[in-house]
Amino acid sequence: MPTKDYYKILGVDKSASADDIKSAYRRLAKQYHPDLHPGDNAAAEKFKEINEAYSVVGDADKRAKYDRGEMDTDGTGFNPFGGGSGFTATGFDDIFDMFSDAFGFGGRRRRSAQSNVGSDITYQVELTFMESVLGCTKPITFSRLEKCPACNGSGAKDSAHIKTCDKCGGSGQVRHVQNSIFGQQITVGPCDKCGGTGKIVTEPCKSCGGKGVISKNKVINVTIPAGVENGSVLQLTGEGNAPRNGNGRNGNLLLEFSVKPSALFRRDGYNLYVTVPVSFKTAVCGGQIEIPAPDGVFIHNLAEGTQNGETLRFRGQGVRRQGAVGDLFVTVSVEVPKGVTRSQKRALEMFETDNSLKNYAKRRAYLDEIAKTYPKK
Ligand SMILES: [Zn+2]
Ligand SMILES: [Zn+2]
């Protein structure tokens with residue numbers, strides 16, 4: 001069971017609507033945002049906690065899991081690469097949107113214009129079950145914003161058409177004063193006139209229309225590590241969009257994996273589960289059965305008298321990821337033959353007469369129990 005009460009952290013009821021949760025989150029995140037409390041560790045901790053809570057109960061699927069008690073509270077339950085930051089890509093956008101609203105920053109920019117980072121791109125990658133287990137290399141085709149080669153990202157027709165911004169004096173920064181119950185808060189933010197670049201373009205570049213970036217189709221070969229799960233995300237740092245208005249760092253490319261289910265395997269973490277149909281004769285007499293595993297099919301000698309539903313465990317034959325490896329669990333499903341011939345039926349009848357009950361331990365115990373429960377009067 002989760003130990004942290006995310007609803008309590010956000011100050012909402014367990015039955016709160018998605019809108020209520022969102023507005024509670026926005027209110028608290030504004031209140032505790034580190035920019036408003038420089039050097040205040042308690043506020044930073046609280047801000048982290050709020051974000052962690054919202055990353056779970058702000059998402060319908062994760063909230064349902066959390067309500068059922070299926071979610072780890074350390075964040076690893078939904079961060080497949082174990083970063084555990086609790087943030088999601090949308091979470092960042094959300095916070096940013098909120099700050100745009102709060103401080104009247106023009107336009108939509110990520111985190112801060114000083115670092116001038118392009119936006120992230122999320123791309124869905126379909127994998128077969130075996131590709132996800134073994135890893136693979138795949139070409140990924142997507143379009144992203146790249147620095148405009150005609151203006152080298154400046155957005156101007158040429159260098160003569162770039163002026164220093166008169167609002168911020170070229171620094172790209174302006175001071176915002178906000179009155180709150182804590183007193184006057186002074187924050188420094190990007191200039192809305194120049195978008196934080198410190199420069200104003202008087203005549204835009206014809207290729208990019210002044211944006212400084214153009215959309216380009218891109219193909220990259222991505223090595224997908226072994227063991228990724230359905231819904232997990234691989235971040236390719238710097239492969240996202242180039243920032244608008246000039247130079248800076250590209251955003252990230254987030255590959256979200258959609259793994260097609262397997263007809264043979266079921267997966268739970270590192271362990272694999274498979275049900276192997278076994279013939280009636282092989283279950284009785286023992287014999288060779290084929291077992292599918294990540295490295296291929298291997299032959300196993302099934303012991304004589306294996307029962308229906310018996311599970312065999314093969315250590316180290318599960319999913320391998322980052323040095324860890326799971327097990328393979330094989331459940332034997334004995335198939336009762338259908339449509340046997342008359343002579344086959346006769347042979348079985350003879351078998352039952354010959355053996356009477358000596359080969360059926362469970363049936364024997366069951367009949368004994370019936371006799372004890374209903375004693376003859
Ligand atoms: Zn251009
Ligand atoms: Zn400016």
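**Group meeting: cores and sheets in a predicted model**

Okay, so the protein chain has 9 helices and 17 strands, where helices (H or I, at least four residues) and strands (E, at least two) are DSSP runs numbered from the N terminus. Before I go on, this is a predicted model, so local features need pLDDT of at least 70 and side-chain atom pairs count only at pLDDT 80 or more, while totals for chains, interfaces and linings use all residues. Residues are numbered from 1 along each chain as its sequence is written, and chains are lettered from A and ligands numbered from 1 in the order in which they are written.

Let's start with burial. Of the 377 residues in the protein chain, 24% are buried, meaning that 20 or more other C-beta atoms, placed from the backbone, lie within 10 Å of the residue's own. On to contacts, which are pairs with C-beta atoms, placed from the backbone, within 7 Å. Taking those with a separation of 6 or more, 64% join residues 24 or more positions apart.

Now the cores. By nonpolar core I mean a set of buried Ala, Val, Leu, Ile, Met, Phe, Trp, Tyr and Cys residues joined through C-beta atoms within 7 Å. The largest one has 16 residues, and those touching the most other members include Tyr 6, Tyr 25, Leu 28 and Ile 50. Which elements give two or more residues to this core? They are α1 (6-10), α2 (18-32) and α3 (41-57). Leaving out residues up to four places away in sequence, Leu 28 touches Leu 10 and Ile 50. There's also a second, separate core of 8 residues, with Leu 145, Cys 151, Cys 205 and Val 213 among them.

Next, the sheets. Strands pair here if DSSP finds at least two bridges between them. One open sheet has 4 strands in the order β10-β11-β17-β14, with mixed pairing. β10 (265-268) and β14 (311-314) each have a single partner strand, so each has one side without a neighbour in the sheet. The twist from one strand to the next averages 25°, taken between axes fitted to C-alpha atoms, with angles running from 0 to 180 degrees between N-to-C directions. β10 pairs with β11 (residues 271-279) in the antiparallel sense over 4 bridges, and Asp 268 stands opposite Asn 271 in β11.

The other open sheet I picked has 3 strands, ordered β1-β9-β8, again with mixed pairing. Its edge strands, β1 (121-127) and β8 (233-236), pair on one side only. How do β1 and β9 (residues 253-259) pair, parallel or antiparallel? Parallel, over 7 bridges, and Glu 126 stands opposite Ser 258 in β9.

Definitions and conventions: A residue is buried if 20 or more other C-beta atoms lie within 10 Å of its own, exposed if 12 or fewer, and partly exposed in between; C-beta atoms are placed from the backbone. Two residues are in contact if their C-beta atoms, placed from the backbone, lie within 7 Å.
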